[in-house]
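User: Got a model here that I'd like to go through. Can you walk me through the pockets?

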Amino acid sequence: MEPVILVSVSEIMLKSPYVRRQLQRTLLEHLRWKLKRSSFSNFKTTIDSGRIAISGLSDTRAAQECSHVFGVVATMNASKIVGDPDRLVEETSAYAVTRLSEGDTFAVRAHVAKPYPTSGIEIERKVGAAILARLGEKDVTVNLDHPTRTIHIEVRPRASYLYDNHIRGYGGLPYGSQGRLVGLLSGGIDSPVALWLMMKRGSHVIPIFMDMAPYAGDDYKDKAIDVARKLREFAPVSKYGIIIAPFGEIVEEILSVKEAKYRCVLCKRMMYRVACSIAGGQRAVGIVTGESLGQVASQTLLNLSTIDEAASLPVHRPLIGLDKMEIQALAQQIGTYEISIRKANGCRSAPRKPATSARVEKIRTLEKGLPIDALVTNASKRIQKMDL
């Protein structure tokens, strides 16, 4: 038996043959990139009827690294059997001896993915009987409902695979396979999760931080950069960075608006305009934000509609239907939560009572006194790119 890492993929297998082959090739590239970046070498990747087999590795850490690649549902440290089908029962029972201890209960689950002389149920019966013949004296028994350990058998065209554990992956689609977006990243809890979710769905997301200095501290920018570094771990590409756009001049102009309660809406509309301007130079087709309905007073349906009106590209809000606890759970899962809750000197220009029902007509009237085009052009020309 040869040790391999077996990789289960997501809905890639539901796509048309042409699209499936494209996505599989991309996923294979990302798995190789992830393993090499993690100092693994001398391995080979093959596709066997929907499964990806990585030979030359049997390291749990390698399986863990592969599980963090978007498009992967699960990874398994498995044993590969090639050759005479009649050996399957003998080899599987021998494998079980190395996995089961005295007093354990077990179940056998077989899946046949090719024409085969024996059904999955029959394989389960034969293998179960062979395991009991080897280990019955050690008080090892069958328990199909709640076994101590489950022996999985996958019979596929190129080989059969045995495993008794798996590491859950994130699923989704291979990174970058669905196009490019820019994402507004503040360093708070919500926006990193929003960007991560769009990355999971196959988008190459370029984070943009709006630097409000002197109306926010440098530690606020540092936190956003640290969050971007964490997101970088999920981007299997050689170059990945954050764009920092100067926004202090824009904030200063917005502070000149006398009706303070509308400043948050005005500010966000300007952020959208700057992000859309930057997106053009990045070949991005939309922007991602961390807004969720009702999370804060300014994130009402009417306000979000008014803010959207300023964008020249589609706005994607993957958090729109999630509550705060769900978002925090995702942030903890991906590793951004502890960074996001660090204390930092954030925006000091926000009004005490922001408007919750800002209408487009009212905002347009307030914007007539702002040099919008000049502000957007100036901010877009002065961006800084930081490689991560």
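This is a predicted model: local features need pLDDT of at least 70, side-chain atom pairs count only at pLDDT 80 or more; totals for chains, interfaces and linings use all residues.

User: Which residues line the second largest pocket?
Analyst: Among them are Arg180, His204, Ile206, Lys239 and Tyr240. Gln282, Lys385, Met386 and Asp387 also belong to the lining.

User: Which strands supply at least two residues each there?
Analyst: S11, S12 (241-246) and S15 (384-387).

User: And how does that lining divide by class?
Analyst: Five nonpolar, three polar and four charged.

User: OK, on to the largest pocket. How much space lies there?
Analyst: About 1000 Å³. The lining counts 36 residues.

User: Which of them lie nearest the centre?
Analyst: Ser186, Tyr220, Lys268, Met271 and Gln299.

User: Which elements give two or more residues to that lining?
Analyst: Helix H5 (190-200), strand S11 (204-211), helix H7 (248-254) and H8.

User: Which one gives the most?
Analyst: H8, with six residues.

User: Why is H8 called largely enclosed?
Analyst: Because 14 of its 19 residues are buried, the rest of the structure largely encloses it. Buried here means under 20% relative accessible area.

User: What comes just after H8?
Analyst: Arg283 sits there with a positive phi of about 60 degrees.

Note on methods:
Residues are numbered from 1 along each chain as its sequence is written. Side-chain values use heavy atoms; hydrogens and water are left out. Buried means under 20% relative accessible area, exposed over 50%, partly exposed in between (1.4 Å probe, protein chains only). Helices (H or I, at least four residues) and strands (E, at least two) are DSSP runs, numbered from the N terminus. On a 1 Å grid over the protein atoms alone, a cavity is a set of points where a 1.4 Å probe fits but cannot get out, and a pocket is an open set with protein on both sides within 12 Å along at least five of seven lines; lining residues have an atom within 4 Å of a point. Grid points are joined across faces, edges and corners, and a volume is the space filled by probe spheres set on the points. Ala, Val, Leu, Ile, Met, Phe, Trp, Tyr, Cys and Pro count as nonpolar, Asp, Glu, Lys and Arg as charged, and the others, Gly among them, as polar.
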